[in-house]
Amino acid sequence: MSANPLLRILGGPRSANHLRRWINLWPPFLGAGIRITRIASDMKSLDVEMKLRFWNANYVGTHFGGSLFAMTDAFYMLMLMHHLGRDYIVWDKAATIRYKKPGRGRVRAEFRLTDAQIGDVRQKLKTLPRYEPVFVVEVKDESGRVIAEVEKLLHVRKRADGRDELRSGGGTQPAVLRRSQG
């Protein structure tokens, strides 16, 4: 079975297209009109798009900022989880979005993960207890102009020998989140 938890939940790694279809039916994306148009079979590239509709427009008729932000959520985390495997814990830790221009029409974001980035994470975790890489994705309009830039800060660490999962009730939350839950 695949190391990717989402693939396990969805019935296994039959294909990237199978995963794409299921994620496109996920209610937060479906409701916002967010669609994955392509996932590479090696999970190193993924393309997302969103058309402007009345239900994802703001009060001035452009893309609602929350929908633009949502279309960039979790993809780098899922891609990195897939490549690092079960021995690592990967979480989205923080994100910032910078709106550059109003979004009109169809917008898209392209997520790319290189072998060098994956290797860098593995290398850093040989000597560090955790590593927090930053990934940047641009949201572009139909003419290729950048309308928003999103920085994603991920939290990555090696999985302990089952102790973290037992302490947090079966989950794999980072220590900071575990302590704050009282």
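Select lysine 152 and aspartate 73 to begin: in this predicted model, their side chains form a salt bridge with an N to O distance of 3.3 Å. The two residues are 79 residues apart, and the pair links distant parts of the chain. Lysine 152 belongs to strand S7 (residues 146-158), whereas aspartate 73 lies in the loop between helix H4 (65-70) and H5. Side chains of opposite charge can pair when their charged atoms come close. With a cut-off of 4 Å between a side-chain nitrogen of Lys or Arg and a carboxyl oxygen of Asp or Glu, the count of salt bridges comes to 17.

Next, select helix H5 (residues 75-84) together with helix H6 (residues 115-124). Their axes come within 11 Å and cross at roughly 65°. Angles of 65 to 115 degrees count as roughly perpendicular, and H5 and H6 are therefore roughly perpendicular to each other. The crossing of H5 past H6 is right-handed.

Now display the side chains where these helices meet. On H5, select Leu80, His83 and Leu84; on H6, select Ile118, Val121 and Arg122. These two groups of residues are in contact with each other.

Together, Trp22, Leu25 and Leu30 make a nonpolar surface patch of about 330 Å².

Conventions:
Residues numbered from 1 in each chain as written. Predicted model: local features only at pLDDT ≥ 70, side-chain atom pairs only at ≥ 80, totals over all residues. Heavy atoms only, no water. Patch = residues over 30% accessible without salt bridge, like charges linked within 9 Å, V, L, I, M, F, W, Y side chains within 5 Å. Areas by Shrake-Rupley, 256 points an atom, 1.4 Å probe, with all protein chains shown as cover. Axes fitted to C-alpha atoms, helices over the stretch in contact; angles between N-to-C directions. Helix = DSSP H or I, 4+ residues; strand = E, 2+ residues; numbered from the N terminus. Parallel < 35°, antiparallel > 145°, perpendicular 65-115°, else oblique. Left-handed = near helix turned anticlockwise from the far one by under 90°. Contact = heavy atoms within 4.5 Å.
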